[in-house]
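The sequence and the structure are shown first, and the text then goes through selected parts.

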Amino acid sequence: MSATAENPPAAAAATAVATAVATAVEDRVTARVISDDPLFRKIPVALRFAPAEPLAVRIVFPAGLSPEGTDNEWVFPRALLEAGLQAPTGTGDVRVWPCGRVQAVVEFHSPEGVAVIQFDIAALRRFLRRTNAAVTRQA
């Protein structure tokens with residue numbers, strides 16, 4: 001007899017834990033800081049999605065970009081990122097808009113200033129597809 005047949009609740013709990021772990025999404029991408037400097041500065045960025053917050057996404061910038069020397073994490077609605085790939089979206093701290101056919105811009109506003117970051121739309125779409133699949137699996 002299999003372990004599942006002998007102990008169904010334990011097997012179901014193990015499956016639930018495996019599903020929760022499997023639904024977390026993190027993609028590492030390269031983005032470009034947009035400034036008045038003619039050369040783009042490329043930076044590594046982490047795109048994160050946690051199943052505990054199915055409506056949110058996180059964009060994490062490396063510690064080297066922060067005056068405090070710590071990772072800089074922005075949390076905002078997943079729907080905002082998705083809509084911003086089609087048309088300009090957002091009026092608060094985070095704004096997103098397409099920039100041509102293959103790029104998207106995400107603008108971050110804080111008391112310290114504004115950061116304008118350009119991403120490949122394909123990378124953002126791939127990340128959003130993975131988050132949508134994770135939400136579907138969780139449901």
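Arg95 and Glu107 meet through their side chains in a salt bridge, with 3.8 Å from N to O. Since Arg95 lies in strand S5 and Glu107 in strand S6, the pair ties together parts that are 12 residues apart in sequence. Arg95 is partly exposed, with a relative accessible area of 27%, whereas Glu107 is buried at 14%. The model is a predicted one.

**The sheet**

Seven strands make up an open sheet, in the order S4-S3-S2-S1-S7-S6-S5, and the pairing is antiparallel. At its edges are S4 and strand S5 (94-99), each of which pairs on one side only. On average, neighbouring strands of this sheet are turned by 30° against each other, direction ignored.

Several of the pairings can be followed residue by residue. S1 and strand S2 (residues 41-49) run antiparallel and are joined by nine bridges. S2 and S3 also pair in the antiparallel sense, over three bridges, and these two strands form a hairpin with six residues between them. Towards S5, six bridges connect S5 and S6, again in the antiparallel sense. Within that pairing, Val94 has Phe108 in S6 as its bridge partner.

**Asp27 in strand S1**

Asp27 belongs to strand S1, which spans residues 25-33. Is Asp27 buried or exposed? Its relative accessible area is 10%, which is under the 20% limit, so Asp27 counts as buried. The bridge partner of Asp27 in S2 is Leu47, and Leu47 in turn stands opposite Ile59 in S3.

Which residues does Asp27 touch, leaving aside its neighbours within four places in sequence? The contacts are Val45, Ala46, Leu47, Arg126, Phe127 and Arg130. For one of these, Phe127, the C-alpha atom is separated from that of Asp27 by 6.6 Å, although the two residues are 100 residues apart along the chain.

**Aromatic rings**

How many aromatic pairs does a search of the whole structure find? The search finds two. In general, such a pair is described by the distance of the ring centres and the angle of the planes.

Phe61 and Phe108 have ring centres 5.2 Å apart and planes at 85°; this angle is over 60 degrees, so the pair is edge-to-face. The two residues come from distant parts of the chain, with Phe61 in strand S3 (residues 56-61) and Phe108 in strand S6 (residues 103-110), 47 residues apart. Phe61 counts as buried at 6% relative accessibility, and Phe108 counts as buried at 1%.

The rings of Trp74 and Phe108 have their centres 5.0 Å apart and their planes at 50°, so this pair is tilted. Distant parts of the chain are linked here too: Trp74 is in strand S4 (residues 72-77) and Phe108 in strand S6, 34 residues apart. Both Trp74 and Phe108 are buried. Through these ring pairs, Phe61, Trp74 and Phe108 are linked into a cluster.

**Salt bridges**

As a general point, side chains of opposite charge can pair when their charged atoms come close. A search of the whole structure finds eight salt bridges.

| Salt bridge | N to O distance |
|---|---|
| Arg28 and Glu26 | 2.8 Å |
| Arg32 and Asp120 | 3.0 Å |
| Arg95 and Glu107 | 3.8 Å |

Arg32 and Asp120 meet in a salt bridge that links distant parts of the chain, since Arg32 is in strand S1 and Asp120 in strand S7 (residues 113-120), 88 residues apart. Arg32 is buried, with a relative accessible area of 13%, while Asp120 counts as partly exposed at 33%.

Which residues are linked in a network of salt bridges? The network holds Glu26, Arg28, Arg48, Glu53, Arg58 and Glu73.

How values were computed:
Residues are numbered from 1 along each chain as its sequence is written. This is a predicted model: local features need pLDDT of at least 70, side-chain atom pairs count only at pLDDT 80 or more; totals for chains, interfaces and linings use all residues. Side-chain values use heavy atoms; hydrogens and water are left out. Helices (H or I, at least four residues) and strands (E, at least two) are DSSP runs, numbered from the N terminus. Buried means under 20% relative accessible area, exposed over 50%, partly exposed in between (1.4 Å probe, protein chains only). Contact means heavy atoms within 4.5 Å. Rings of Phe, Tyr and Trp (its six-membered ring) pair if their centres lie within 6.5 Å; planes under 30 degrees apart count as stacked, over 60 as edge-to-face and the rest as tilted. Two strands pair if DSSP finds at least two bridges between them. Axes are lines fitted to C-alpha atoms, for helices over the stretch in contact, and angles run from 0 to 180 degrees between N-to-C directions. A salt bridge is a side-chain nitrogen of Lys or Arg within 4 Å of a carboxyl oxygen of Asp or Glu.
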